[in-house]
Number of protein chains: 6
Amino acid sequence: MEKIAIFPGSFDPFTLGHQSVVSDGLQLFDKIVIGVGINSAKTGLLPASRRLDLIRDLYREESRVEVCEYSGLTVDLARRVGARYILRGLRNSVDFEFERNMMQVNQTLYPELMTVVLFTPPRYVALSSSFVREIHQFGGDTAPFMPAGIHLKNYLK
Amino acid sequence: MEKIAIFPGSFDPFTLGHQSVVSDGLQLFDKIVIGVGINSAKTGLLPASRRLDLIRDLYREESRVEVCEYSGLTVDLARRVGARYILRGLRNSVDFEFERNMMQVNQTLYPELMTVVLFTPPRYVALSSSFVREIHQFGGDTAPFMPAGIHLKNYLK
Amino acid sequence: MEKIAIFPGSFDPFTLGHQSVVSDGLQLFDKIVIGVGINSAKTGLLPASRRLDLIRDLYREESRVEVCEYSGLTVDLARRVGARYILRGLRNSVDFEFERNMMQVNQTLYPELMTVVLFTPPRYVALSSSFVREIHQFGGDTAPFMPAGIHLKNYLK
Amino acid sequence: MEKIAIFPGSFDPFTLGHQSVVSDGLQLFDKIVIGVGINSAKTGLLPASRRLDLIRDLYREESRVEVCEYSGLTVDLARRVGARYILRGLRNSVDFEFERNMMQVNQTLYPELMTVVLFTPPRYVALSSSFVREIHQFGGDTAPFMPAGIHLKNYLK
Amino acid sequence: MEKIAIFPGSFDPFTLGHQSVVSDGLQLFDKIVIGVGINSAKTGLLPASRRLDLIRDLYREESRVEVCEYSGLTVDLARRVGARYILRGLRNSVDFEFERNMMQVNQTLYPELMTVVLFTPPRYVALSSSFVREIHQFGGDTAPFMPAGIHLKNYLK
Amino acid sequence: MEKIAIFPGSFDPFTLGHQSVVSDGLQLFDKIVIGVGINSAKTGLLPASRRLDLIRDLYREESRVEVCEYSGLTVDLARRVGARYILRGLRNSVDFEFERNMMQVNQTLYPELMTVVLFTPPRYVALSSSFVREIHQFGGDTAPFMPAGIHLKNYLK
């Protein structure tokens, strides 16, 4: 049976840290569906459609990665795409508590769904979308935090 | 002297996890006053009056539990109802740091007030009002997280 | 029904931090049984009998505090003395994880036993028996860490 | 290519918690090699050969689980059995820091080795081999913590 | 070469805890520039100009402390004032993870900048600007949390 | 006044991580005294005299670094060498709790002593003397964890 994992997040924007998790995840799963969560309450940096574009551009050559938008529960996304695994990257002990809670809630709602966790490599431990947004907002250079070949400015409008 | 504790929170909504803490607390205290904090800045799921209704319905038979609304400092609620104890449930190490800070601030403002902490049972460790709100918002089933006999939809309007 | 709690530990030696927890605990419980755990594997500073003497001297005037030695499971001590509560002091987030584990194991072995946690006051957060032993071993002054009127040297032989 | 993971540990003894991690891991990997680390410095409960026997008895029907003894570096075990993955179970935030350190050291020594982490289910979060040893030592009942059908006493001599 | 550190924050308001960090920092650095970050998105208690006034009043006699407002990246403030050090106070393990992330991001953007961390004294560990704001909002007494001689009400308008 | 810091530890052996802390510390202090703690209870890898040799060889050209052996309290070492600062490197949140406790105990014994903390760079976060000892013991290559030009085998006998 094909091993399908979802990799859910806001990805506003998708960073080098996310790319590292997907890259490792491809050694575990046959297919990874990156689920871009749309939360109308949050006004972020990139509109949802541009976040999807960025990820699609990045994985244009990788047929085992798919991208889609979702707005409901993560477990519903998993059911919709036939995934039995959630892939998550762990950076620090605060993340850990959050992810364990998510895992436990998800397991109550969809017991067959397994949460698989990979450690973020040390050099990306501090990297988060919110830091990238802040650096962009203040005119700093976001290039060191973005996947190679991806320029944030191309997705801003 | 009667041992009175307050159990403060937003309770939007009151969950199985809260019920577990109150249930254990009743073995320690003579009376527990559940204080529903009203924070005008936050727009939540249930209006304050309905959060109170939910808790009153739940403890209709338990004369040792009272419910009230409050909008100021927690220590002022304690003084108002004559409580010498604050009851709190601890889920994880992030909670821990937050609760210790609250304890220390409260002790500066009202030195006689003692913070008493009970561990949340493992099966409720991931359970929080915000998760219940999110599950509700996305059309998921909140029943597994609510006290027996309490249906969230009855309190929504 | 009388509310009896055990307060288990090695107490080698009993410090100001322990005293603070017992003092607060006496506002919650009718009786506190301080259980001095004897672990033959560890060679500590004070022999078990002297650790008991120290605590007995300290609580000579307090009829609601008892002291006893035990060498088995903590839950067995609780059963033996008729206690339904374990009293514990929490200092930091590392303590937290340890105590939650203990609570969960104890609850499997003796479901009616409730773990009640009090925060160590900020000024005693760093205080542990092992620090006192180390300070003593290197010739430092242990008085600032010991209960008033208790001199460590009186219990060394 | 066959996906082989090692699951290293002392397993003194193998518990319900370990069984849960292996069971989940079998949904990710084609083969799991349980590596029983022999550390001559530690004198534990079960001799190494009996720890292996216990695990072999448990997985007698599961051809995808193998057990072996090892005494060197974990990365050397991985190389020896041709594994590209280390499977680990995470219980709490203290575990988290330890496991991340191990991951980072292992990656320096064997960059192709990927650490895959699964969350321990909430009901086993407190369960550790050292607690089981302590319960056994003090005459408590270890059955609630051991895999079904495995009796610790059968492996003691 | 003169050792210049920036001490960045929102300081809404500057508290006893901040004062303690600056006071210790003056034993390490020749000059400390307190940078009051202006984040237009947040509506706080004190307007930026009044937060600066408060800090200036406090350090009127201390020529080695300067105060300025900034609205961009912290590393840009450091470059602008010629600082090679960022001074930070650490209260608890949640702070720790946040500060380490900041350090790592800052080091990517400005490798020569060193983050120097001092522990907040135990009695101020729970003290934060947000607690002071909350106490003020609910009519509590903020004096125990403010530097001697500084009255919050003088800066409110 | 000259700024002297002690950098205490077991340093069995001194690693790349320690070197990184000293290197950063030299930008803060005029002199750093590396104090090699001799704890007769622990049998480690290197005898004390060889640990000192290793550090002396490393800092042969750096007149601002001194090395000495000590066997008592850290605060007594600080007093002996006239240091007003303790320099410490922080790796993770477990370290954090330990270091804060040490700071608090030291401050009780020697109030003028200030603990100054630097973050370990991400690539050394997992690096500890005990990992190096373990890698050595099992025949692994310790070179990636040691300062450039320092070969562990030269100090073993």
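## Strand pairing and chain contacts in a predicted model

L90(E) touches D95(E), F96(E), E99(E), V117(E), L118(E), F119(E), T120(E), L90(F) and F96(F), leaving aside residues up to four places away in sequence, where contact means heavy atoms within 4.5 Å. This is a predicted model, in which local features need pLDDT of at least 70, side-chain atom pairs count only at pLDDT 80 or more, and totals for chains, interfaces and linings use all residues. Residues are numbered from 1 along each chain as its sequence is written, chains are lettered from A and ligands numbered from 1 in the order in which they are written, and side-chain values use heavy atoms, with hydrogens and water left out.

- L90(E) belongs to strand β4 of chain E, and helices (H or I, at least four residues) and strands (E, at least two) are DSSP runs numbered from the N terminus.
- L90(E) has a relative accessible area of 0% and therefore counts as buried; buried means under 20% relative accessible area, exposed over 50%, and partly exposed in between (1.4 Å probe, protein chains only).
- Although L90(E) and L118(E) are 28 residues apart in sequence, their C-alpha atoms are 6.1 Å apart in space.

**Chain E against chain F**

- The size of an interface is often given as the accessible area lost when the parts come together.
- Between chain E and chain F the buried area, meaning the accessible area (1.4 Å probe) that two parts lose on being put together, summed over both, is about 2300 Å², and carbon and sulfur atoms give 69% of this area.
- Of the area that chain E buries against chain F, 28% is supplied by L28(E), M114(E) and F119(E), which is more than any other three residues supply.
- In this interface, 25 residues of chain E are in contact with 25 residues of chain F.
- On the side of chain E that touches chain F, at least two residues come from each of β4 (85-90), α4 (93-109) and β5 (114-119) of chain E, and α4(E) gives the largest share, with seven residues.
- That side of chain E divides into 13 nonpolar, six polar and six charged residues, where Ala, Val, Leu, Ile, Met, Phe, Trp, Tyr, Cys and Pro count as nonpolar, Asp, Glu, Lys and Arg as charged, and the others, Gly among them, as polar.

**Strands that pair**

- Strand β5(E) and strand β5 (residues 114-119) of chain F run antiparallel and are joined by three bridges, and two strands pair if DSSP finds at least two bridges between them.
- Within β5(F), V116(F) is the bridge partner of L118(E).
- In chain C, six of the six residues of strand β5 (residues 114-119) are buried, with M114(C), V116(C) and L118(C) on one side and T115(C), V117(C) and F119(C) on the other.
- Strand β5 (residues 114-119) of chain B runs antiparallel to β5(C) and is joined to it by three bridges, with V117(B) standing opposite V117(C).
- Strand β4 (residues 85-90) of chain C runs parallel to β5(C), with six bridges between them, and G89(C) has L118(C) as its bridge partner.

**Salt bridges**

- Over all chains, the count by this rule comes to 54 salt bridges.
- In chain A, the side chains of D95(A) and R91(A) meet in a salt bridge at 3.1 Å, N to O; D95(A) is buried at 15% relative accessibility, whereas R91(A) is partly exposed at 21%.
- In chain B, D53(B) forms a salt bridge with R50(B), and their closest N and O atoms are 2.5 Å apart.
- Because D53(B) and R50(B) are three residues apart in helix α2 (residues 48-58) of chain B, about one helical turn separates them.

Note on methods. A salt bridge is a side-chain nitrogen of Lys or Arg within 4 Å of a carboxyl oxygen of Asp or Glu.
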